[in-house]
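Welcome to this short tour! Open your viewer, get ready to select residues, and follow along stop by stop.

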Amino acid sequence: MVRGTKLLAATGALLSLLLAGAQAQRVTVEFWHSMGGVLGEATERLVQEFNRSQDRVQVKSQYVGSYDDGINKLLAALRAGRGYPHVIQIYDIGARIMADSGAVVPLEDLARKEGFDMARFLPQPRNYYTVDGKLFGLPFNSSNPILYLNMAAFQEAGIPYKPTWSLKDLEEAARKLTKKDAQGRTVRYGLSIPIDSWFVEQISYNSGQYFCNNENGRKARATAVTFDNEAAVAFLDMYARLVREGVAANTGRNWADSQSLFAQGQAAIAAYSTASLTGVLRQIGNRFPLRTAFYPYLNGRNGVAIGGAALYVLKGFSEGETQAAWSFVRFLLEPKTQAKWHLDTGYFPVVAGVTERPEVRQAHVRQPNYTTAIQQLATSKVNTSSAGCLMGSFPEIRQYVQAAWEEVLKGKPAQQALREAKARADQALERYNRSVAGR
């Protein structure tokens, strides 16, 4: 009995040593992301699935706050020369900053080295994150802006559903959908859009106009903004006009306040990201039927730009760690993974063939609203306007646009407010360009 006990103990010790050795050989990849709430849950599920799928790489994910928090934390770590992750999620407007940083291993280099067919990427996501002719980041959570429509309110107002909207269409419908009480107080707004530069950017792109010069910084480095364009002016003037009339809601910069208003049936049309779809559906419950539609344009529809964020693989690690980081990124590009991410969040796939998978097709039959962003993307023109503006200091410049929107709501003409914001934005962009000159 004693000998048997000793043998069991020895066997257990050997197994423990073997397990410890295996764990010691497993490469750890640090991953920073900015996905909270429902999106954060979906992100963590992907990380856990990757870790379970193999025994060579262990991804440790960390939520680092908002997109602004994430890029600021990374830049601070890079300045310190330590404490940065192997993989980080950075929002769309950080593309120029990441390329200029010199801290990124271009995704295209990794993909080509490992034999990944770059043609599998959809053209629009690849177009957005290509800087100086090379794809730097993986367009991980790609989105575009769409309209959310309360179809009970539409039916009540006698307005038929339509998939595409001009600004004029939007204004006319918002007036018809607005309800006021006997005292003239609005009880249901026709329109609700959060104060966010992204919506001004997208009205520019979808109208075939640029947000910064040199064709959105795609022909040469952007040296000035052009957000005082005709489409942006028309959009802000329209929104301010409708707010003054009690037709549009002013919920400030907080998306959650606008979404709550819409979900409660107190706004008939809203504009959010396609990534908001899962959350909005949960909020609405059974209150009213929802349909989604393409984002509006001024005169003719060109195409919206990619929103969301990309994953970047950082330099400064061993070859083994970089390969481990690539294996995680490669897992995220698998059609099965892309399908799961799309259905869990509303972000659209970035590689070809995902929408043909049975689980995706069945889900789209059950919930057709998931197809809107995909159809909008597929029918958008691929050009330097829909590629989106590529420039430095974009996070700071967005603040100037949002402040201008607020000034317009106080009564300042949009042309004036945007030109004043342009002066500050151009200075910020000049400072940035000087800071990276010669890199």
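A cavity is a set of points on a 1 Å grid over the protein atoms alone where a 1.4 Å probe fits but cannot get out, and its lining residues have an atom within 4 Å of a point. Grid points are joined across faces, edges and corners, and a volume is the space filled by probe spheres set on the points.

You are looking at a predicted model, where local features need pLDDT of at least 70, side-chain atom pairs count only at pLDDT 80 or more, and totals for chains, interfaces and linings use all residues. Residues are numbered from 1 along each chain as its sequence is written, and side-chain values use heavy atoms, with hydrogens and water left out.

**Stop one: the cavity.** The structure holds one cavity of 30 Å³ or more, and the volume of the largest cavity is about 30 Å³. Select its lining residues, among them Asp92, Trp198, Glu201 and Phe394. Helix α9 (residues 197-206) gives the largest share of this lining, four residues; helices are DSSP runs (H or I, at least four residues), numbered from the N terminus.

**Stop two: a salt bridge.** This term means a side-chain nitrogen of Lys or Arg within 4 Å of a carboxyl oxygen of Asp or Glu. Now select Asp344 and Arg45, a salt bridge with its closest N and O atoms 3.4 Å apart. Asp344 sits in helix α15 (residues 335-345) and Arg45 in helix α2 (residues 37-53), 299 residues apart.

**Stop three: another pair.** Select Lys162 and Asp169, whose closest N and O atoms are 3.0 Å apart in their salt bridge.

**Last stop: a network.** Select Arg96, Asp100, Asp132 and Arg221, which salt bridges link in a network.

Definitions and conventions
1 Å grid on protein atoms, 1.4 Å probe; cavity = no way out; pocket = protein on both sides within 12 Å on 5 of 7 lines; lining within 4 Å. Helix = DSSP H or I, 4+ residues; strand = E, 2+ residues; numbered from the N terminus.
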